[in-house]
Amino acid sequence: MGNWRDNIRQVVPYTPGEQPKRTNLIKLNTNENPYPPSKKVQETMDQITGWRLYPDPAASKLVHALAEYHGLNDDQVFVGVGSDDVLAMSFMTFFNSDKPILFPDITYSFYDVWADLFKIPYKTKALDEHFNIKSEDYKAPNGGIIFPNPNAPTGVLVDLDFIEDILKANQDVIVIVDEAYIDFGGVSAKPLLKKYENLLVVQTYSKSRSLAGLRIGYAMGNSELIKALNDVKYSFNSYTMNQPAIAIGAAVLEDEEYFRETTEKIIHTREWFKNEMSELGFSFEDSKSNFLFVTHKSAKAKDIFEAAKEKDIFVRYFDKPRIDNYLRITIGTDEEMKQFLNFVRAFLGEE
Ligand code: PMP
């Protein structure tokens with residue numbers, strides 16, 4: 001028997017939220033958009049030809065559409081298979097120091113997985129008791145910085161002055177702002193790109209554009225950063241973006257009205273849902289995302305999570321230090337949230 005097992009990379013993978021096979025349930029566990037995507041998706045899909053050929057490796061049509069949409073040059077945009085792909089490429093490309101990269105202790109739980117996978121040293125910095133990022137923590141020597149804004153799973157937003165303060169103190173490393181949830185009431189760090197050449201802003205089609213199933217994410221930054229990302233991408237897989245992703249990703253950007261309408265609906269539902277949840281004895285920090293991160297004054301989060309699942313209502317529970325009595329609840333339609341509230345009322349009544 002050989003020792004081939006010694007040559008296998010050992011990793012503890014990220015655990016994605018459950019994707020149940022059944023339909024007919026209330027799915028509030030992975031921050032998907034409850035509304036269908038723009039009609040442009042089907043219209044564009046019907047026009048796609050040329051399946052026989054490889055897609056454009058540069059995904060130029062999508063890159064150009066995004067650049068135009070965001071008021072940037074084409075060489076300032078990098079696209080990938082969801083922002084997970086863009087972030088993974090960014091970790092590989094930009095975090096190559098012996099000093100640790102920094103990110104919050106409570107944050108997107110893929111960051112430490114990528115850091116381990118790519119053997120990047122990292123340190124986490126504790127959020128304060130209201131789940132705020134403390135900017136002083138990010139003024140220590142480091143090999144790079146990443147945080148989501150709004151943060152996940154807390155939903156807490158920082159403003160541009162806060163981001164600029166971090167950028168000013170960190171001119172020698174790349175600072176990545178992961179804006180997966182920025183379209184639900186936050187202000188993007190995009191304007192800071194003009195001033196800070198070490199800033200990378202990452203966004204996704206998965207939440208605000210209702211296209212988690214298509215897998216499109218992108219990074220915006222100065223052309224040197226984007227070239228570095230492309231060099232790594234072409235060293236890994238030339239054809240990351242498939243034909244539908246390129247064509248549909250470009251087309252939906254034309255439907256700004258629908259984008260605004262659906263994101264506004266979600267924001268409206270979220271604000272109403274916050275009130276209802278407060279009345280039921282839940283507390284939470286203010287969320288500017290499409291989810292609410294809540295804890296109850298008496299009922300245990302895990303018990304609510306399990307009882308909800310019994311009723312085919314899926315929310316997210318993280319069995320992790322500091323947040324193991326919290327639930328992350330995606331904002332669905334008004335009707336879905338009403339059903340969730342009815343469940344909670346019954347659950348609390350039965351306690
Ligand atoms: N960043 C954050 C903070 C997220 O919560 C998610 C969703 N899991 C992602 C990035 C990745 O999303 P996607 O790959 O669908 O763009």
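Student: I'd like to start with the charged residues. What is the relative accessible area of K40?

Tutor: The value is 23%, so K40 counts as partly exposed. Keep in mind that this is a predicted model. E254 reaches 60% and therefore counts as exposed, the cut-off being over 50%.

Student: How do the side chains of K40 and E254 meet?

Tutor: They form a salt bridge, with N and O 3.3 Å apart. To read such a pair, look next at where the partners sit. K40 belongs to helix α1 (residues 40–47), while E254 lies in the loop between α7 and α8, 214 residues away in the chain.

Student: Which residue meets D105 in a salt bridge?

Tutor: That is R322, at 2.8 Å from N to O. D105 is in the loop between β3 and α4 and R322 in the loop between β12 and β13, so the pair ties together parts 217 residues apart in sequence. D105, at 30% relative accessible area, is partly exposed, and R322 is partly exposed too, at 39%.

Student: Where do D286 and K274 lie?

Tutor: First, their contact: the closest N and O atoms of this salt bridge are 2.5 Å apart. D286 is in the loop between β9 and β10, and K274 is in helix α8. D286 is partly exposed at 44%, whereas K274 is buried at 6%. Both belong to a network of salt bridges with shared partners, which also takes in R270, E271 and K288.

Student: Which way do the side chains of strand β13 point?

Tutor: In a regular strand, side chains alternate between the two faces of the sheet. Here L327 and I329 point one way, R328 and T330 the other, and all are buried. On pairing, β13 runs antiparallel to β10, with four bridges, and I329 is the bridge partner of L292. β12 also pairs with β13 in the antiparallel sense, over two bridges; there R316 partners R328.

Student: How many residues does the largest nonpolar core have?

Tutor: It has 49, and V79, F147, L199 and Y205 make the most contacts inside it. Elements that each supply at least two of its residues include α2, β2 and β5.

Terms used. Residues numbered from 1 in each chain as written. Predicted model: local features only at pLDDT ≥ 70, side-chain atom pairs only at ≥ 80, totals over all residues. Heavy atoms only, no water. Buried < 20%, exposed > 50% of the residue type's maximum accessible area, 1.4 Å probe, protein only. Pairing = 2+ DSSP bridges. Core = buried A, V, L, I, M, F, W, Y, C linked by side-chain atoms within 4.5 Å. Salt bridge = Lys/Arg side-chain N within 4 Å of Asp/Glu carboxyl O.
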